[in-house]
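Subject: Handover of a structure

Hello,

Here is the structure I promised to pass on. Please open it first, then read my notes below.

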Amino acid sequence: MRLPEQFLNKMKEFLQDEYEAFLASYEQPRVQGLRINTLKISVEDFLKISPFTLEPVPWCKEGFYYREEDRPGKHPYYHAGLYYIQEPSAMIPVEILGAQSGERILDVCAAPGGKTVQLANEMKGTGLLVSNEINLNRVKALIRNIELFGIHNAIVTNVSAEKLVNYFEGFFDRILVDAPCSGEGMFRKDEAMVKSWEKQGPDYYISIQAEILSYMSRMLKSGGQAVYSTCTFSREENEAVIEDFLERHKAFQLKPIEHFKNAFGITAPVANHSDIQINTMRLWPHKISGEGHFAACLEKNRLEKEFIARAENNQGISAPREFIEFMEKNLVISFEGPYEIHGDQLYQVPKGVPSLRGLKVLRSGLLLGTLKKNRFEPSQAMAMALKKQDAQRTVDFSSRSQEVIKYLKGETLHIDGEKGWTLVCVDGFPLGWAKQTENLLKNEYPAAWRRLD
Ligand SMILES: C[S@@+](CC[C@H](N)C(=O)[O-])C[C@H]1O[C@@H](n2cnc3c(N)ncnc32)[C@H](O)[C@@H]1O
């Protein structure tokens, strides 16, 4: 594989004795991982039904290596949101952040959403998750993943970190800054990254990384924690960014990443600052089974006085009549408020959100559906947030059946059943909606989600 000469020279100087082993790792095939979505199924239960050959990822108990020929991205369980396909070393930043139930968490650079989904898993459907992505194209994948994985406590914003500060000063318990970077750890996974590095290498990203971190410092509450992570190897984008941040932000210190230290080896052989060398983490592709990552955990001192954004006691609107009728006719549970309407779209809003007036918000929580003239149409996001037993009418296909593939391709199925909205499932896990008529199951699977092959 062709690697930029400038990159190789820098790595040689950086890694010294380890350089040859590092270089040899590029001759190895890339490793593939998936992480089980515990909002839908426990690790134990997934392992009982898993059609794949899986090996555990040592630093993430929900994470597993899979074999390329298993192609889990094509399996109906992927469409049921049972797992996220994620490069194994990318699973580490969220593990380090240690999100807890009920907390307020910000994912500043969130698309396509691997770490947002992992954060939502750790929060167990409680608290408030704000997932932000500056790039409008990338934010679409983020929204799709939030919906596919059945997350209902996330707000999705599409702004720069700077804009967020106006709304969330001192607000968050934890913040993840999975920063844009030169992507040196992506070369084996995606050769296009080599070209992109040649166009925009480490120097391009340093000021962006420093800027995002400095906005993070204002949004974290006192005593809160943040993780800074990249998938690149350059010291300038990792240890040096942290060193510069700590010099400018005296209220912060590095929190040692204790529990991974002995098991996986932290190596930053040439950091200038010994504290940074000891207390940050590097996963190297020649030492672990993964493409490589850097992570640092930053803790904000407890300050005596601090501005804290107030969570609004958002009463929202009362449930629209059409929505109440929909729930009575089609569900055995009810979605509690607060609700909000944006255009004709009805949302269930997480509790404890401050006023976001003027902010570009693309999802204000769980999109329940659309209010049409005198009726309510449920969303795909609602289907994915339900359990099979929550719906009055269901059709459950086996993951090995032809029907499930037909449904995922958007085809109408010839099936008799009770008239009305029907939740289509695979082996008991919801995939989406259909409308049953006397002998037809009319497909309501969104065109943008359909399987094409
Ligand atoms: C490493 S990727 C994030 C990956 C994501 N955390 C995940 O696990 O799927 C970095 C993201 O930061 C976004 N980004 C770039 N510049 C930014 C900025 N100034 N503020 C916020 N996000 C930015 C990029 O568009 C990109 O989607």
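**Strand β12 and its partners**

Start with strand β10 (residues 252-254), which is joined to β12 by 3 bridges and runs antiparallel to it. Here Q253 stands opposite E299 in β12. Some ground rules come next. This is a predicted model: local features need pLDDT of at least 70, side-chain atom pairs count only at pLDDT 80 or more, and totals for chains, interfaces and linings use all residues. Residues are numbered from 1 along each chain as its sequence is written.

Strands (E, at least two residues) and helices (H or I, at least four) are DSSP runs, numbered from the N terminus. Two strands pair if DSSP finds at least two bridges between them.

Strand β9 (residues 220-230) is antiparallel to β12, with 6 bridges. There, A226 faces L298 of β12 as its opposite number. Strand β11 (residues 280-283) pairs with β12 over 4 bridges, also in the antiparallel sense. L283 has H293 in β12 as its bridge partner.

Is β12 (residues 293-300) mostly covered or mostly open? It is mostly covered, with 7 of its 8 residues buried. Buried means that 20 or more other C-beta atoms, placed from the backbone, lie within 10 Å of the residue's own.

**C231**

The UniProt annotation "active site", from an unreviewed entry, covers C231. Such annotations may be inferred rather than shown by experiment. C231 sits in the loop between β9 and α11 (239-248). Why is C231 called buried? Because 24 other C-beta atoms lie within 10 Å. C231 touches several residues beyond four places away in sequence, among them C181, E291 and H293. In contact means C-beta atoms, placed from the backbone, within 7 Å.

**The ligand**

How many residues surround the ligand? There are 19, and the closest are C109, G114, K115, D178 and P180. A residue counts as near if its C-beta atom, placed from the backbone, lies within 6 Å. The shell divides into 11 nonpolar, 4 polar and 4 charged residues. α6 (114-123) and α10 (202-219) each supply at least two of the shell residues.

**The open sheet**

An open sheet of 4 strands has the order β2-β3-β1-β4, with antiparallel pairing. Its edge strands, β2 (54-57) and β4 (83-85), each pair on one side only. β2 is joined to strand β3 (residues 60-66) by 4 bridges. Within that pair, V57 has C60 as its bridge partner.

Best wishes

Technical notes:
Ala, Val, Leu, Ile, Met, Phe, Trp, Tyr, Cys and Pro count as nonpolar, Asp, Glu, Lys and Arg as charged, and the others, Gly among them, as polar. A residue is buried if 20 or more other C-beta atoms lie within 10 Å of its own, exposed if 12 or fewer, and partly exposed in between; C-beta atoms are placed from the backbone. Two residues are in contact if their C-beta atoms, placed from the backbone, lie within 7 Å.
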